[in-house]
Amino acid sequence: MAQVPLAIVSHKRQVCSLYKRAVRNLEAWYDRREVFRYRAVQMRARFDENRNKDLAEGMRLLACGQKELFETKHYQPRNFANSAGGCAYEREVIPPDWLLDYWHPLEKAQYPEYFAKREQRKKEFVVWWEKQYGKPDPKDLGHH
């Protein structure tokens with residue numbers, strides 16, 4: 001899933017992003033560590049030799065670099081397991097907090113300190129809510 005930029009991204013940030021994506025692409029192409037490191041050092045040298053160019057030239061090089069990365073993209077890029085597209089992405093289901101309200105009293109009795117603190121925090125939340133948004137109108141709570 002592509003990230004939608006919420007603000008203007010600086011040229012420096014775009015170059016750093018391109019470098020990181022290029023190195024990750026090399027990682028996908030070369031499975032032997034020493035070959036990958038050799039290619040990564042070559043890639044870093046290419047970026048470093050263009051480091052002190054003026055902005056117009058830098059923007060042109062950035063566009064060329066993005067085009068080159070697109071053309072050399074690995075057909076099956078490596079993904080981290082928990083990142084989007086990875087084999088374990090969104091596997092861990094975190095249950096909502098209200099589910100604890102449906103526990104049986106005997107289950108709650110096994111964790112008395114936790115549930116005492118939880119009830120206290122629920123009351124504090126109601127006080128905060130009423131202070132922030134006001135008390136609910138009894139007319140709105142009635143049946144229609």
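Me: What share of the 144 residues in the protein is buried?

Reply: This is a predicted model: local features need pLDDT of at least 70, side-chain atom pairs count only at pLDDT 80 or more, and totals for chains, interfaces and linings use all residues. Residues are numbered from 1 along each chain as its sequence is written, and side-chain values use heavy atoms, with hydrogens and water left out. Buried means under 20% relative accessible area, exposed means over 50%, and partly exposed lies in between (1.4 Å probe, protein chains only). Of the 144 residues, the buried share is 14%.

Me: Which pattern does the protein follow along the sequence?

Reply: Helices (H or I, at least four residues) and strands (E, at least two) are DSSP runs, numbered from the N terminus. The protein has zero strands and six helices. Read along the sequence, the pattern is α-α-α-α-α-α.

Me: Why is the protein called more spread out than a compact globule, and what is its radius of gyration?

Reply: The radius is taken over C-alpha atoms, and the globule rule is 2.2 Å times the number of residues to the power 0.38. For 144 residues that rule gives 15 Å, and the protein is well over this, so it is more spread out than a compact globule. The C-alpha trace spans about 70 × 35 × 30 Å along its principal axes. The radius of gyration is 27 Å.

Me: How much of the accessible surface belongs to carbon and sulfur atoms?

Reply: Accessible areas come from the Shrake-Rupley method with a 1.4 Å probe; for residues, only the protein chains shown count as cover. The surface of the protein comes to about 13200 Å². The share of carbon and sulfur atoms is 57%.

Me: Which residues does Leu18 contact, leaving aside neighbours within four places in sequence?

Reply: Leu18 is found in helix H1. Leu18 counts as buried because its relative accessibility is 5%. Contact means heavy atoms within 4.5 Å. With those neighbours left aside, the partners of Leu18 are Phe47, Leu62, Gly65, Gln66 and Leu69.

Me: And which residues does Met43 contact, with the neighbours within four places in sequence left aside?

Reply: Met43 belongs to the largest nonpolar core. Beyond those neighbours, Met43 touches Tyr19, Ala22 and Leu26.

Me: What is the phi of Glu90?

Reply: Glu90 is found in the loop between H3 and H4. Glu90 is exposed, since its relative accessible area is 63%. Most residues other than glycine have a negative phi. Glu90 is not a glycine, yet its phi is positive, about 55°.

Me: Is Arg91 buried or exposed?

Reply: Arg91 sits in the loop between H3 and helix H4 (105-108). The relative accessible area of Arg91 is 62%, so Arg91 counts as exposed.

Me: How far apart in space are Asn50 and Leu61?

Reply: Asn50 lies in the loop between H2 and H3. With a relative accessible area of 28%, Asn50 is partly exposed. Asn50 and Leu61 are eleven residues apart in sequence. C-alpha to C-alpha, their distance is 8.3 Å.

Terms used
A nonpolar core is a set of buried Ala, Val, Leu, Ile, Met, Phe, Trp, Tyr and Cys residues joined through side-chain atoms within 4.5 Å.
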